[in-house]
Amino acid sequence: MKLNERSLAFYATCDSPADNAGFLYKRGERHTAYHRRWFVLKGNMLFYFEERDSREPVGVIVLEGCNVELCDSAEGFAFAIRFGGTKSRTYVLAAESQEAMESWVKSLSRASFDYLRLVVRELEKQLQEMRWGLPGGCGGSREPAGPWKPKPSGLEQSRERLPALPAILPKENGCAVWNNVLGADRAPDTSGCGGHDEEGSPRPPPPLPPRRRVSNGEAASAGAAVAESPSTFCRLHEQYSREVARLRQDWQQRQRGPRP
Amino acid sequence: AVLKKRLVKLVVNFLFYFRTDEAEPIGALLLEHCRITKEEENVFSISFIEEPERKYCFECATEEQCQEWVEALKRASYEFLRRSLIFYRNEIQKMTGKDPLEQYGISEEARFQLGAHRQ
């Protein structure tokens, strides 16, 4: 398969900062001897050079759809980059210390484009919700189910799974856009928002209205349903604001203590 | 130059191209440090920073399709995604005082620091 190798080599050697760099031992493909190589991680590409000052990489590993695992082999500080697919090879690498191994495993397992895209979409969603003030708390963040796992869209996967274009395109570089999933399956953030006390006083904010402590499912479907219609949203916004104002008044009166 | 019909797929930061009846791609372009230009109504080109005169030209069926591709390809690079992340992180931090990357355990990574990777 043809590749724009010159561009790849440029990317590997240009002065844009690397996400990780260092010597690692790489096990050969056919012979199991290890060779010491200079590795440079940039984005989702792991380049390796014969020497630290080599002008061109001798190879590159594209880190999409792979798993990075520790090896339980006898070799010290060894770890593997494993790809799915029948024709793919597993790359076995070894670091020179425990610390180096841990640092590499961490950076390699989060290097994929897929992973980064997931994080960016989450942040985009959070920002939209904060700016548009959807019901359900401010900046409520969904607890991730577990460690982020990159979506398996590895280059080695079967062709049918490859999308033709990214599914959701941001409109402009860095500007918030309407995401087509507004506030759905998002647990309301009952931990409270930091620093939003309008009075500027040290008192804790009033508790959220009891209605908001509903289960995830109810709030989610309510949130998703109303987000579709601006007029219902405005009405709800009005309703909530009246209720909030009332609760706030009650709370302030309680804080001041019983009237003489 | 002769135009050849190809099936083109954008997957992460790679543009794969296939002969229309084959399952394996004949080639791929890594989309980093490149410039996407709309040349004519339905033609766009990709050129790379280290060889700017060499243009990979693509002719689309319609102007609309061409525009779609230009938009998608401009945002296809890993570096673009990284910049977006840094931007959103900064915005959220300004609004809430909290670092949204903390929950993912990646807030300390050098690659996400504001001011990193200026090119």
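## The seven-stranded sheet of chain A

Two strands count as paired if DSSP finds at least two bridges between them. By this rule, chain A of this predicted model has an open sheet of 7 strands in the order E5-E4-E3-E2-E8-E7-E6, with antiparallel pairing. The edge strands are E5(A) and E6(A), residues 66-70, and each of them pairs on one side only. From one strand to the next, the twist averages 35°.

Some of the pairs can be followed residue by residue. Strand E7(A), residues 78-83, and strand E8(A), residues 91-94, are antiparallel and share 4 bridges. In this pair, Ala80(A) is opposite Val92(A) of E8(A).

## Strand E4 of chain A

E4(A) pairs with strand E3(A), residues 34-42, in the antiparallel sense over 5 bridges. Lys42(A) has Met45(A) of E4(A) as its bridge partner. The hairpin of E3(A) and E4(A) has 2 residues between the strands, and Gly43(A) takes a positive phi there, near 60°. E4(A) also pairs with strand E5(A), residues 59-62, again in the antiparallel sense, over 4 bridges. Here Tyr48(A) is opposite Gly59(A) of E5(A). Helix H1(A), residues 5-13, lies across E3(A), E4(A) and E5(A) and runs at about 85° to E4(A).

## The three-stranded sheet of chain B

Chain B has an open sheet of 3 strands in the order E4-E5-E6, with antiparallel pairing. E4(B) and E6(B), residues 51-59, are at the edges with a single partner strand each, so one side of each has no neighbour in the sheet. Direction ignored, neighbouring strands of this sheet are turned by 30° against each other on average. E4(B) and E5(B) pair over 6 bridges, and the bridge partner of Arg35(B) in E5(B) is Ser47(B).

Helix H1(B) packs on this sheet and touches E4(B) and E5(B), with its direction at about 165° to that of E4(B). The helix has 12 residues, 63-74, and reaches 16 Å from its first C-alpha to its last, close to the 16 Å expected at 1.5 Å a residue. Which residues of H1(B) are buried? They are Cys66(B), Trp69(B), Val70(B), Ala72(B) and Leu73(B). These buried residues pack against E1(B), E2(B), E4(B) and E5(B).

## Two loop residues with positive phi

Most residues other than glycine have a negative phi. Val12(B) has a positive value, near 45°. Val12(B) lies in the loop between strand E1(B), residues 7-11, and strand E2(B), residues 14-18. Its relative accessible area is 6%, and buried means under 20%, so Val12(B) is buried.

His33(B) also has a positive phi, near 55°. This residue is in the loop between strand E3(B), residues 27-30, and strand E4(B), residues 34-40. At 18% relative accessibility, His33(B) counts as buried.

## The helix pair and the nonpolar core

Two packed helices are described by the angle between their axes and the distance between the axes. For H3(A) and H2(B) the angle is about 35° and the axes are 9 Å apart. H3(A) passes H2(B) in a left-handed crossing. Among the residues that make the contact are Leu116(A), Val119(A) and Leu123(A) of H3(A) and Leu81(B), Leu85(B) and Ile92(B) of H2(B). H2(B) has 19 residues and reaches 27 Å from its first C-alpha to its last, close to the 27 Å expected at 1.5 Å a residue. After H2(B) comes Gly97(B), with a positive phi near 75°.

The largest nonpolar core has 33 residues, and those with the most contacts inside it are Met45(A), Val119(A), Phe14(B), Leu85(B) and Leu101(B). The elements that give two or more residues to this core are H1, E3, E4 and H3 of chain A together with E2, E3 and H2 of chain B. H3(A) gives the largest share, 8 residues. Leaving aside neighbours within four places in sequence, Phe14(B) is in contact with residues including Leu3(A), Met45(A), Val62(A), Ala28(B) and Leu30(B).

Note on methods: Residues numbered from 1 in each chain as written. Chains lettered and ligands numbered in written order. Predicted model: local features only at pLDDT ≥ 70, side-chain atom pairs only at ≥ 80, totals over all residues. Heavy atoms only, no water. Buried < 20%, exposed > 50% of the residue type's maximum accessible area, 1.4 Å probe, protein only. Axes fitted to C-alpha atoms, helices over the stretch in contact; angles between N-to-C directions. Contact = heavy atoms within 4.5 Å. Core = buried A, V, L, I, M, F, W, Y, C linked by side-chain atoms within 4.5 Å. Expected span 1.5 Å × (residues − 1). Left-handed = near helix turned anticlockwise from the far one by under 90°.
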